[in-house]
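Below are my notes on the model, arranged as numbered points. Please read them beside the coordinates.

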Amino acid sequence: MQKRSRNNDSEKAMIVRKLIASTQLTHEEIAEEIGVSVRMIYHYLSGRSEPCMRVFLKLQGLAK
């Protein structure tokens, strides 16, 4: 069985980083707007966690 590594440069993490950067909001403001903790924002940015579809769609909405 192959172990999945946490890679900071994963494609999904890169997309999330671009979305967050495009909002021009603080991590605290983003977390409040999408209903997650600031810690989760950092997990998304690092690639440690991936946002669920609901959170991903909210991030996309903030980026527009």
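1. His43 has a relative accessibility of 16% and therefore counts as buried, where buried means under 20% relative accessible area, exposed means over 50%, and partly exposed lies in between, with a 1.4 Å probe and protein chains only. The residue sits in helix α3, helices being DSSP runs of H or I with at least four residues and strands runs of E with at least two, numbered from the N terminus. Once its neighbours within four places in sequence are set aside, His43 is in contact with Arg48 and Ser49, contact meaning heavy atoms within 4.5 Å.

2. The model is a predicted one, in which local features need pLDDT of at least 70 and side-chain atom pairs count only at pLDDT 80 or more, while totals for chains, interfaces and linings use all residues. Residues are numbered from 1 along each chain as its sequence is written, and side-chain values use heavy atoms, with hydrogens and water left out.

3. The chain contains four helices and zero strands, so that its elements, read from the N terminus, run α-α-α-α as DSSP runs. Of its 64 residues, 27% count as buried. The accessible surface amounts to about 4,900 Å², and carbon and sulfur atoms account for 50% of that area; the areas come from the Shrake-Rupley method with a 1.4 Å probe, and for residues only the protein chains shown count as cover. Of the contacts between residues at least 6 apart in sequence, 55% join residues at least 24 apart.

4. Which residues of α3 are buried? They are Ile41, His43, Tyr44 and Leu45, and what covers the buried residues of this helix includes α1, α2 (27-34) and α4. After α3 comes Gly47, whose phi is positive, near 85 degrees.

5. A positive phi is also found at Gln24, near 60 degrees, here in a residue other than glycine. Gln24 belongs to the loop between α1 and α2 and is exposed, with a relative accessible area of 75%. Thr23, by contrast, lies in helix α1 and is buried, its relative accessible area being 11%. Leaving out neighbours within four places in sequence, Thr23 has contacts with Ile30, Leu62 and Ala63.

6. Phe56 is placed in α4 and, apart from neighbours within four places in sequence, is in contact with Ile15, Leu19 and Pro51; Phe56 and Leu19 are 37 residues apart in sequence, with 9.2 Å between their C-alpha atoms. Lys58 is likewise in helix α4, and at 36% relative accessibility Lys58 counts as partly exposed. If residues up to four places away in sequence are not counted, Lys58 touches Glu33 and Ile34, and its C-alpha is 5.8 Å from that of Ile34, although 24 residues separate the pair in sequence.

7. The structure holds one salt bridge, defined as a side-chain nitrogen of Lys or Arg within 4 Å of a carboxyl oxygen of Asp or Glu. The side chains of Lys12 and Glu50 form this bridge, at 3.3 Å from N to O. The pair links distant parts of the chain, 38 residues apart, since Lys12 is in helix α1 and Glu50 in the loop between α3 (38-46) and α4 (53-63). Lys12 counts as exposed, at 52% relative accessibility, whereas Glu50 is partly exposed at 39%.

8. Rolling a probe the size of a water molecule over the atoms shows where empty space is left. The structure holds one cavity of 30 Å³ or more, a cavity being a set of points, on a 1 Å grid over the protein atoms alone, where a 1.4 Å probe fits but cannot get out, with lining residues having an atom within 4 Å of a point. The largest cavity has a volume of about 40 Å³, a volume being the space filled by probe spheres set on the points, with grid points joined across faces, edges and corners.

9. The lining of the largest cavity consists of Ser10, Lys12, Ala13, Val16, Tyr44, Gly47, Ser49, Glu50 and Pro51. Helix α1 (residues 11-23) gives the most to this lining, with three residues. By class there are four nonpolar, three polar and two charged residues, where Ala, Val, Leu, Ile, Met, Phe, Trp, Tyr, Cys and Pro count as nonpolar, Asp, Glu, Lys and Arg as charged, and the others, Gly among them, as polar.

Notes. 1 Å grid on protein atoms, 1.4 Å probe; cavity = no way out; pocket = protein on both sides within 12 Å on 5 of 7 lines; lining within 4 Å.
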